[in-house]
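Subject: Structure handover

Hello,

Here is the structure I promised to pass on. Please open it first, then read my notes below.

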Amino acid sequence: MDLNFLMPVQVMAGPDSVSRGSHLLREMGRRCLIVTGRSSAKACGALADVTAALDREGIVWDVFDKVGQNPLLSTCVEGGRAAAAFGADFLVGIGGGSPLDATKAIAAFATNDMEPMGIYEPRKVPPLPFALVGTTSGTGSEVTRYSVLTVDETGRKRSWGDRGSYARVAFGDARYTLSLNRSFTISTALDALAHAVEGYFNKTADPISDSFALLAMELLVPALRELKELPQQDFAPSLELRERLYAASIYGGLTINTTGTAFCHQMGYTLTEDHGVPHGQACAVFLPDYIRNGTLTCPEKAQRLFTRLNLFAGPFCQLVEDLLDARWPDYSPQQVEELLVRWQGSKNMEKTPGTFDAARQREVALRVLAHR
């Protein structure tokens, strides 16, 4: 048996989880910096629930609300300085993947006097402990060590993560996702699906990661079908559907915590960096090719998956394609060659089953990016 599993995050999910678990915050200290974006945490009610829980436990708090989409490394440095100046004992990150990923970095910058790129190097001082409160159903960042940041000088995404970048506790209340619009709901669900599929067909997969991936996909496939059928006007998924989507995102996060992602994410970063395509949509653009690659390179696993889903490769790919609405200018062959240079040395590419060398990368990129 080949297993490599670590999961130190305590997950407390369900209605009123923040209130019910407020004692877990008290255990982390008496001064807390809340890390979030400008408005989403307020709109969904998560910020009010967190501050009420902190007040009830007698914890002094302040808010750092400067995290934007695709968080900048410089913002995380600023957040770390704010945490240190406030004398924070711990952090609480509230939001989707961007604030949660930023919280992990801010925790490290708060305790280490280092240059921005130092986040990608080993550190001597442990980060501040932190809790995470998810408000979307996509990244699964609540339960992973990964943090994806945008390097200011290059505009490129770069991930990092170590044993110190796990949350102490993750709170999951699907009610916080009720305010998400159709576009954001579908994009984040596609991100969760990409995590599950990329982790399942992955060179580093093991039986535990496969179990989580299958659980995620069993929830996501019918949920995506339901989202597809809901009217664009008056879009209002039920709380029950929102709960399934949130659970699937956590299972997807548990999957990639073991396996990491593969070529969909690496290639998808390109569309986000160059053309602002939302992350989940950008990854899903490449998902049909990844499903087809997995079907060819891992036929026994593919058969097990399709039997569990009662869905074969063609209809599976079609479901994804029906939900895509990403737009970008066609890449020229020369631009594709430049991308190959950009992708050199990518661990994501190396985790793709089979031989996914420059020739195969070129083939997929030309088909997907240059000819639509």
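Start at one ring. The charged end of Lys-301 sits over the ring of Tyr-200, 4.4 Å from its centre. (A charge sits over a ring if NZ of Lys or CZ of Arg is within 6 Å of the ring centre and within 35 degrees of the ring normal.) Arg-31 lies over the face of Phe-86, at 4.3 Å from the ring centre.

Before more detail, two notes on the source. This is a predicted model, with residues numbered from 1 along each chain as its sequence is written. Local features need pLDDT of at least 70, side-chain atom pairs count only at pLDDT 80 or more, totals for chains, interfaces and linings use all residues, and side-chain values use heavy atoms, leaving out hydrogens and water.

Aromatic pairs

The structure holds six aromatic pairs. Rings of Phe, Tyr and Trp (its six-membered ring) pair if their centres lie within 6.5 Å; planes under 30 degrees apart count as stacked, over 60 as edge-to-face and the rest as tilted. Tyr-200 and Phe-201 form one of the pairs: the ring centres are 5.1 Å apart and the planes stand at 75°, so this pair is edge-to-face. Both Tyr-200 and Phe-201 are buried. (Buried means under 20% relative accessible area, exposed over 50%, partly exposed in between, with a 1.4 Å probe and protein chains only.)

Phe-212 and Tyr-251 are stacked, because their planes are at 20° with the centres 6.4 Å apart. Phe-212 belongs to helix α8 (residues 207-229) and Tyr-251 to helix α9 (residues 239-259), so the pair ties together parts 39 residues apart in sequence. (Helices, H or I of at least four residues, and strands, E of at least two, are DSSP runs numbered from the N terminus.) Phe-212 is buried at 17% relative accessible area. Tyr-251 is partly exposed at 26%. Ring pairs also bring in Phe-5, giving a cluster of Phe-5, Phe-212 and Tyr-251.

Helix α15

In α15 (residues 333-342), Val-336, Leu-339 and Leu-340 are buried. They cover an arc of only 105° around the axis, so they are on the same side of α15. (The arc is that of the directions from the helix axis to the C-beta atoms.) Gln-334 and Val-341 are exposed on the other side. The buried residues of α15 pack against α10 (263-275) and α17 (358-370).

Three asparagines

Asn-112 is in the loop between α6 (97-111) and β5 (130-134). Asn-112 is buried, at 11% relative accessible area. Beyond four places away in sequence, Asn-112 touches Arg-123, Lys-124, Val-125 and Pro-126. (Contact means heavy atoms within 4.5 Å.)

Asn-70 has a positive phi, near 50°, and is not a glycine. Asn-70 lies in the loop between β3 (60-64) and α5 (73-86), and is partly exposed at 28% relative accessibility. Asn-310 also has a positive phi, about 55°. Its loop runs between α13 (299-309) and α14 (313-322). Asn-310 is exposed, at 69%.

The whole chain

The secondary structure comes to 17 helices and eight strands. Buried residues make up 56% of the 372 residues. The C-alpha atoms fill a box of roughly 55 × 45 × 45 Å along the principal axes. Among contacts with a separation of 6 or more, 80% are between residues 24 or more positions apart.

Over to you.
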